[in-house]
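Hi there,

Here is the structure we talked about passing on to you. Have a look at it first, and then read my notes below.

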Amino acid sequence: MAKTQLGARVDEDVAELARKRAADLGLSVGDYLARLVQDDASGLRARAVDAAARFLAEHQAIFDEAEAEDGRRPESSRGARAA
């Protein structure tokens, strides 16, 4: 395994592939790796937002019911459930 400039140990084949891909994109290896991390983080964020939207959609009736109950309660007792 070769030691890279970032201090990580990587198989030479993988390091060479990263160097070639970075060169194809006109980037340094470090910038290429940073782009990969950003792309991965963006994908994770998109999947998290999608999961949250699905959760809210699936449980919308429960949220609607809770809001309706709050609307029927006297003003003084509305915050009691939140605690």
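**What I found**

Phe 63 sits in helix α3, residues 60-72; helices here are DSSP runs of H or I with at least four residues, strands are runs of E with at least two, and both are numbered from the N terminus. Please keep in mind that this is a predicted model, where local features need pLDDT of at least 70 and side-chain atom pairs count only at pLDDT 80 or more, while totals for chains, interfaces and linings use all residues. Residues are numbered from 1 along each chain as its sequence is written, and side-chain values use heavy atoms, with hydrogens and water left out.

**A nonpolar patch**

Phe 63 has a relative accessible area of 32%, so it is partly exposed (buried is under 20%, exposed is over 50%, and partly exposed is in between, with a 1.4 Å probe and protein chains only). Together with Phe 55 and Leu 56, Phe 63 forms a nonpolar patch on the surface, with about 270 Å² of accessible area in total. Such a patch takes residues with over 30% relative accessible area and no salt bridge, joining nonpolar side chains (Val, Leu, Ile, Met, Phe, Trp, Tyr) within 5 Å and like charges within 9 Å. The areas come from the Shrake-Rupley method with a 1.4 Å probe, and for residues only the protein chains shown count as cover.

Which residues of α1 are buried? They are Ala 15, Ala 18 and Ala 22. These three cover an arc of only 60° around the axis, so they lie on the same side of α1; the arc is taken from the directions from the helix axis to the C-beta atoms. They pack against β2 (9-10) and α2 (29-58), where contact means heavy atoms within 4.5 Å. On the other side of α1, the exposed residues are Asp 13, Leu 17, Ala 23 and Asp 24. Just after the helix, Gly 26 takes a positive phi of about 70°.

**Salt bridges**

The whole structure holds 2 salt bridges, each being a side-chain nitrogen of Lys or Arg within 4 Å of a carboxyl oxygen of Asp or Glu. Arg 19 pairs with Glu 12 at 2.6 Å, N to O, and with Glu 16 at 3.0 Å, N to O. Glu 16 and Arg 19 are both in helix α1, 3 residues apart, about one turn of the helix. Through these shared partners, the salt bridges join Glu 12, Glu 16 and Arg 19 into one network.

Best wishes
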